[in-house]
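Please open the model in a viewer and keep the selection panel at hand.

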Amino acid sequence: MLKNSYKNYPNKKGYFGNFGGRYVSETLMPLILEVEECYNKIKDDKEFLEEFTYYLENYIGRPSPLFFAERITADLNGPKIYFKRDELNHTGAHKINNCMGQILLAKKMGKKRIIAETGAGQHGVATATVCALFGLPCVVYMGEKDIERQSPNVFRMKLLGAEIKSVTTGSKSLKDAMNEALRDWVSNVKDTFYIIGTAAGPHPYPEMVRDFQSIIGKEVRSQLRKVEGKSPDLLMACIGGGSNALGLFHEFLDDDKVEMIAVEAAGHGIQTDKHAASLTGGKPGVLHGNKTYLLQSKSGQIQEAHSISAGLDYPGIGPEHAFLYEENRVKYMSATDIEAIEAFQYCCKLEGIIPALEPSHALSVLRKIAKNYSKEKVVVMNMCGRGDKDIFTIADELNIKI
Ligand SMILES: *Cc1c(COP(=O)(O)O)cnc(C)c1O
């Protein structure tokens with residue numbers, strides 16, 4: 001491995017430069033250390049990787065296709081645009097890749113009960129799915145407010161056999177649900193495994209989630225070699241906590257020629273207090289067991305995030321992104337709610353793909369910058385989720401009755 005390889009991060013203590021680490025209570029420490037020890041044992045283990053691959057292929061449906069978006073390419077008259085179609089995975093997004101990896105680890109550790117937190121419910125559904133698959137009881141912490149807003153996903157989780165615990169503390173949303181899940185974990189030390197849904201949380205979660213998602217970029221490398229005979233010139237993805245972006249980017253981080261753009265949710269606009277752009281509009285602090293960029297008030301209180309896209313509505317970002325941001329390795333841009341809706345409609349009409357609102361943010365920025373790239377350039381955008389879940393939000397915004 002190269003000495004300065006980005007792939008050497010995090011260090012042994014879980015730091016990506018100044019970010020990451022393990023900011024947890026003493027009671028939680030032994031649990032986290034056990035996860036780290038077991039993860040280190042299995043991460044290069046042939047038998048574990050074969051089992052993971054088996055479920056990726058036969059249950060999730062990998063590899064996901066790499067699709068040449070011909071009409072959008074023609075319309076934008078710039079680079080060749082490919083979509084990495086992770087929206088075709090079982091449960092409709094990339095999240096299941098990571099849930100599968102973590103539940104296989106939990107089984108190896110002999111854990112008998114799974115807990116998770118969820119905001120919009122996408123990670124809750126993916127976790128409830130793998131729990132049903134392996135017959136493990138599943139408890140999902142969810143803010144009271146989110147339970148009201150996301151009733152279809154709450155119903156899905158119940159169908160899959162999960163128990164939903166309503167969180168009524170604090171702002172009654174995602175960050176409070178995360179705190180409750182951590183509390184549960186401390187009081188059920190012996191039998192419980194906590195499945196975190198993005199590349200955040202205390203070490204080793206950011207590394208582990210990234211590794212489980214990095215199948216996305218690995219597939220892109222071999223798929224693109226076949227059709228274009230080269231590596232991509234530009235990679236693009238949207239950012240909530242940052243797991244689908246790292247999943248696409250990680251494989252290429254050491255290829256200097258590969259440019260990367262990640263797109264945060266600008267909500268009503270970065271200049272307002274209603275957005276979710278933790279890097280562009282936040283500053284360093286500690287949340288959910290790691291040091292990273294966070295949306296916070298002048299006095300350091302965590303501020304509620306806002307995005308029309310529930311999956312991007314998180315006041316922090318994974319620590320590896322905070323590092324890549326300060327290193328200038330990845331460029332971070334943003335798109336507003338309105339821009340994302342326009343890109344959503346554009347993608348439906350030109351490609352016959354109803355995208356989730358999250359990747360619509362990435363597509364929106366791609367539409368704007370395409371003119372800066374010549375026709376021989378190749379762009380891969382992660383189509384990380386499908387939009388069925390978002391049609392009611394869109395109808396609402398457009399004042400259409402369905
Ligand atoms: C949850 C979610 C996201 C945001 O999470 P990341 O960890 O940033 O990938 C993005 N897109 C979709 C479709 C999601 O469900």
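Begin by selecting Ile354, Ile391, Phe392, Leu398, Ile400 and Ile402, which form a nonpolar surface patch of about 580 Å². Patches consist of residues with over 30% relative accessible area and no salt bridge, with like charges joined within 9 Å and nonpolar side chains (Val, Leu, Ile, Met, Phe, Trp, Tyr) within 5 Å; a salt bridge is a side-chain nitrogen of Lys or Arg within 4 Å of a carboxyl oxygen of Asp or Glu. Areas come from the Shrake-Rupley method with a 1.4 Å probe, and for residues only the protein chains shown count as cover.

This is a predicted model, in which local features need pLDDT of at least 70 and side-chain atom pairs pLDDT 80 or more, while totals for chains, interfaces and linings use all residues. Numbering runs from 1 along each chain as its sequence is written, and side-chain values use heavy atoms, without hydrogens and water.

Ile354 is partly exposed, because its relative accessibility is 43% (buried is under 20%, exposed over 50%, partly exposed in between).

Next, select the ligand. Of the 15 residues around it, the closest are Lys95, Thr198, Gly240, Gly242 and Ser243 (a heavy atom within 4 Å). A side-chain N or O atom of Thr198 is 2.5 Å from a ligand oxygen, and a backbone N or O atom of Asn244 is 2.9 Å from a ligand oxygen. The protein buries 97% of the 380 Å² that the ligand exposes when taken alone.

Note on methods:
Buried < 20%, exposed > 50% of the residue type's maximum accessible area, 1.4 Å probe, protein only. Polar contact = N/O pair within 3.5 Å; in protein donor to acceptor, adjacent residues only side chain to side chain.
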